[in-house]
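I am opening a new page for this structure. My entries record what I looked up, beginning with the ligands.

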Amino acid sequence: MEKLKYALFTGCTAKESTPEQMMSTLAVANKLGIELVELTEASCCGASHLQDYDDFLSLVLNARNIAYAEKHGLTMVTICNTCQLNTAMTKHRLDHNAELKAKVNAKLAEVGLEYKGTSQITHFLYAIIDDFGLDKIKEMVVKPLSQFNIAPFYGCHNIRPSELQNETHKSPESAYKPTSLDDLIVACGGASVDYVEKTKCCGFHAELQAPRTAALLTGNAVAGAMDANADWMVTPCPLCHLKLDTQTHHASVALGREVSLPVLHMQQMVGLALGCTPAELGLNHHVTKVDFV
Amino acid sequence: MDTIKSQQVTFKVFRFNEETDYLPYYNTYTLDVTHEEVVLDILNRIKWDHDGSLSYRRSCRHGICGVCSIKVNGKGILACKSRLFDLVEVFGNEITIEPLSTKRAIKDLIIDKKDFWDNHAAIKPYLVSEIEEHPAQEHLVSPHDAEKLLEADYCIQCGACHYSCPALEVNDSFFGPAAFAAAYRFSADVRDEASVDRLHIVNEEAQGVWDCVKCMECAEVCPKEVNPIEKITKLHNMVFEAGIAKNNVATRHAVGFAHSIEKHGLLDEGELVRYSEGNIGVLKHVPVALKMFAKGKIVLPWNMPKADKLDEIKKLIKSSSTVKF
Ligand code: SF4
Ligand code: SF4
Ligand code: FES
């Protein structure tokens, strides 16, 4: 197989509050022989909030990020569901609206850039499933996670709206019964746990403005996984991770029930199965202690 | 052309009669389903051939009246529009049929939609315009202006989005996606004169657009592709453009991104929380921040990373910004 190579859009979280997300992405890419060229020029995608304030500005900044991936002639790979949504949505809107694309490009021209629409955008989860291949991951597993019941937590912005995400995924999955993360858990040797909340929202994006709503959604998610006998949870989204890992105290108070489980990034789970060390994967950076390794 | 013409499917159907039952229960029916059948056909067959007491709503049978909406394996659908075979492809051949909201069930699949209609009414879902009693000609809307509605007028008030919205599920005051789509539909109409009034209504904390958790469920579920979250974003934009955005945690949270990106290219997470909450409000986040700090999850201001070519980002922010706060 030709070596896989992507332009890595890290987003902000991997550089700040989830350093372990960055560490584990690099460790796993290294194990799998995937080359990642970091887009160091990229700006924040606006995290689905900048667009509420200034939609056009959000489009211009996201188009600029994609333009840098295009300069490398590479597919852009994201490691955050919300970055994935905002970037894919920008691409979709510009590719389907010539007038808007021209307006955005008029701005990008001021800094010598152009958005052409030539780079695809995918999330690292789908890159390793669709491009690298689950079967090959399975073959490379050296420490199967066979003693664990693992609860997948998909995160909204990878599976909804499916119309948009399916434009980029080679094997589209249903927003109501997604399988990618479950399949990955099984490929790593674990047992994937089924629970209703696995496709629901963690509440992250309303944490400041609607704290009770956000806390209840977090609480329901962790409670759902606990009731389904999960040993830990796994998510492809660092924002879900932050919410489920750091906010369980508020969630427990809102729910009136103590909820807490270790929550791993998808990359950390794969990394453990591939034999990376806990230190390489940054497992010491979690607020809810990862005590099983 | 489907190659399989029929298959056996087991239906678990929610049953409850508020007049006689304490608790709901499920009846199971196994039927041979043909590839042209929609969910409503199955409900009809159960009612006509197995149990005449099964209750559900139906009317147009053409996906335009919105009354037949129910949930199948948790997914909101129009019973008259959803093909069984499509659902079996996703969920397998055990299908659970439930009302849109089990806690609002009156009889079987029929629910009390009062909260939906109350929320709908609260946003003034009608055109407000001073018109002459005997106008000489129609009030014409150009195709360009009609396009601004972004098909929000396709909503058939089925409630599928409303009863799938997780924010509404845990916050009774939240207006919900359908009401917002309607608010947008009339506020974006060039003939309407109540747009600012409506924006004030949807700008209120707890009930308004700021309490949406952005889960995209309403966009996913809508059988008419109304895309309510898109309209919610538009309402956010209109609140800023109309200059009525209140200076509060919700608006500052959106605006804070622009400030951060201008300064670092990236989001300064800690500063965003401080900016959004204010110097006093931020204190309630200190306990979590300390735990995060202990785990190396907080970047101190002097270590804040910056994007390369920040000058480019600054220049674009300056020239592309379209609103002020
Ligand atoms: S995106 Fe917002 S309005 Fe739509 S379902 Fe989710 S929380 Fe509700
Ligand atoms: S927006 Fe769509 S899902 Fe919601 S009530 Fe209208 S038609 Fe139904
Ligand atoms: S019966 Fe009218 S929408 Fe289904």
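I started with ligand 1 and found 13 residues around it, the closest being Cys165(B), Cys212(B), Val213(B), Cys215(B) and Cys218(B). The elements of chain B that give two or more residues to this shell are α5 (166-170), α8 (217-221) and α9 (228-241). I sorted the shell around ligand 1 by type and got 11 nonpolar, no polar and 2 charged residues. I note here that the model is a predicted one.

Next I looked up ligand 2, which 13 residues surround. Cys155(B), Cys158(B), Gly159(B), Cys161(B) and Cys222(B) are the closest. The shell around ligand 2 splits into 10 nonpolar, 2 polar and 1 charged.

I then turned to the cores. The largest nonpolar core holds 107 residues, and among those with the most contacts inside it are Phe11(B), Val39(B), Ile70(B) and Leu235(B). A second, separate core has 46 residues, including Leu4(A), Leu272(A), Cys276(A) and Leu283(A). I went back to Phe11(B) for its partners: leaving out residues up to four places away in sequence, Phe11(B) touches Asn27(B), Tyr29(B), Ile42(B) and Ile97(B), among others.

My last entry is on a sheet in chain A. Four strands form an open sheet in the order β6-β5-β7-β8 (chain A), paired in parallel. β6 (191-192) and β8 (263-265) of chain A each have a single partner strand, so one side of each lacks a neighbour in the sheet. I counted 2 bridges between β5 (149-152) and β6 of chain A, and Asn149(A) stands opposite Ala191(A). Helix α13 (266-274) of chain A lies across β5, β7 (232-235) and β8 of that chain, at about 85° to β8(A).

How values were computed:
Residues are numbered from 1 along each chain as its sequence is written. Chains are lettered from A and ligands numbered from 1 in the order in which they are written. This is a predicted model: local features need pLDDT of at least 70, side-chain atom pairs count only at pLDDT 80 or more; totals for chains, interfaces and linings use all residues. Side-chain values use heavy atoms; hydrogens and water are left out. A nonpolar core is a set of buried Ala, Val, Leu, Ile, Met, Phe, Trp, Tyr and Cys residues joined through side-chain atoms within 4.5 Å. Buried means under 20% relative accessible area, exposed over 50%, partly exposed in between (1.4 Å probe, protein chains only). Contact means heavy atoms within 4.5 Å. A residue is near a molecule or strand if one of its heavy atoms lies within 4 Å of it. Ala, Val, Leu, Ile, Met, Phe, Trp, Tyr, Cys and Pro count as nonpolar, Asp, Glu, Lys and Arg as charged, and the others, Gly among them, as polar. Two strands pair if DSSP finds at least two bridges between them. Axes are lines fitted to C-alpha atoms, for helices over the stretch in contact, and angles run from 0 to 180 degrees between N-to-C directions.
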